Amino acid sequence: MEKPFNPFSLEGKVIVISGAASGIARQCAINCSKMGAKLILLDLNEEGLKETMTMVERPEEHYWASVNLLDYEKVGGIVKEAVEKVGRINGLLNCAGISTTNLFKLTKPEELDKFFHVNVYTGYFLAQECTKMGNLSKEGGSIVFFSSVAGSFGEVGKSTYGMTKAALLNLAKHLACEMARKNVRVNSISPGAICTPINMNLPHMKDPEKRAALEAQHLLGLGETSDIANACIYLLSDASRWVTGTNLFVDGGFSVR
Ligand SMILES: NC(=O)c1ccc[n+]([C@@H]2O[C@H](COP(=O)([O-])OP(=O)(O)OC[C@H]3O[C@@H](n4cnc5c(N)ncnc54)[C@H](O)[C@@H]3O)[C@@H](O)[C@H]2O)c1
């Protein structure tokens, strides 16, 4: 029998997801597994990864490893081992990241270094490993960098976080040029505010008044993790085969005004 028309299917695709122990990336793992993908899940939080593995479809098909992505040399070995077990890589969601609200006048160089290392360099080098010969599928693949509306719009206390997210927007464009000949598409996604552990303890979510103001900035209210995960399915699937070097705002209308 002919398969039903589904341009968003991830059947047979191997997808690497960083940060998969929590929040948006965990939801990406769940939703991608429902679309038929085989997963390689990475995070430094082992307990969280184990919990994610109880939530995905067909857990026996996937690979997970607890790793600090700052440990660049170790990451290479893990990606190689994962490919041997699961197969060559068709897609990468570079989701692992950290967030903060801090004032410009109080920010120390060490803090900037930390944010650039975790939010930019880990994704850069993970993408490098995933696209190495022998690791990347012969058909090519799709890479998604997780930026944020903070990478395009100004806000008090968001210079550190926002600069790292702006760097990812730019990185996606340059890599799109460099990787097109390998048939690797590279895009970024810019979520608006989603309720996840990364931001629950930050003032803009914790303080009821600030939270209400944040909600009011999003025409459709705050987002859910699946709003982002489903957009990632589009960017990973063949439905977006002619899309590269672009940034997709998934922000409930935050960027309209
Ligand atoms: N939640 C939001 O409102 C929002 C909005 C815009 C963008 N984003 C971006 O989406 C991504 C996911 O956000 P989230 O809200 O799901 O966050 P989260 O805190 O729930 O998850 C982030 C995950 O990254 C992992 N991680 C952090 N540093 C790591 C490292 N060095 N090595 C391995 N793993 C590491 C953490 O362990 C955690 O599991 C982030 O890049 C974030 O900046 C989130």
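The model is predicted: local features need pLDDT of at least 70, side-chain atom pairs count only at pLDDT 80 or more, and totals for chains, interfaces and linings use all residues. Residues are numbered from 1 along each chain as its sequence is written, and side-chain values use heavy atoms, leaving out hydrogens and water.

**Helices α1 and α9**
- Helix α1 spans residues 23-34 and helix α9 spans residues 225-236. Helices are DSSP runs (H or I, at least four residues), numbered from the N terminus.
- Their axes come within 8 Å and cross at roughly 55°. Axes are lines fitted to C-alpha atoms, for helices over the stretch in contact, and angles run from 0 to 180 degrees between N-to-C directions.
- That makes α1 oblique to α9. Oblique is what remains after roughly parallel (under 35 degrees), roughly antiparallel (over 145) and roughly perpendicular (65 to 115).

**Salt bridges**
- The whole structure holds 9 salt bridges. Each is a side-chain nitrogen of Lys or Arg within 4 Å of a carboxyl oxygen of Asp or Glu.
- Lys-13 pairs with Asp-238 at 2.9 Å, N to O. These two residues lie 225 residues apart in the chain.
- Lys-13 is buried, at 11% relative accessible area. Buried means under 20%, exposed over 50%, and partly exposed in between (1.4 Å probe, protein chains only).
- Glu-51 pairs with Arg-26 at 3.6 Å, N to O. Glu-51 is in helix α2 and Arg-26 in helix α1.
- Glu-51 is partly exposed at 42%, while Arg-26 is buried at 15%.
- Glu-46, Glu-47 and Lys-50 form a salt-bridge network.
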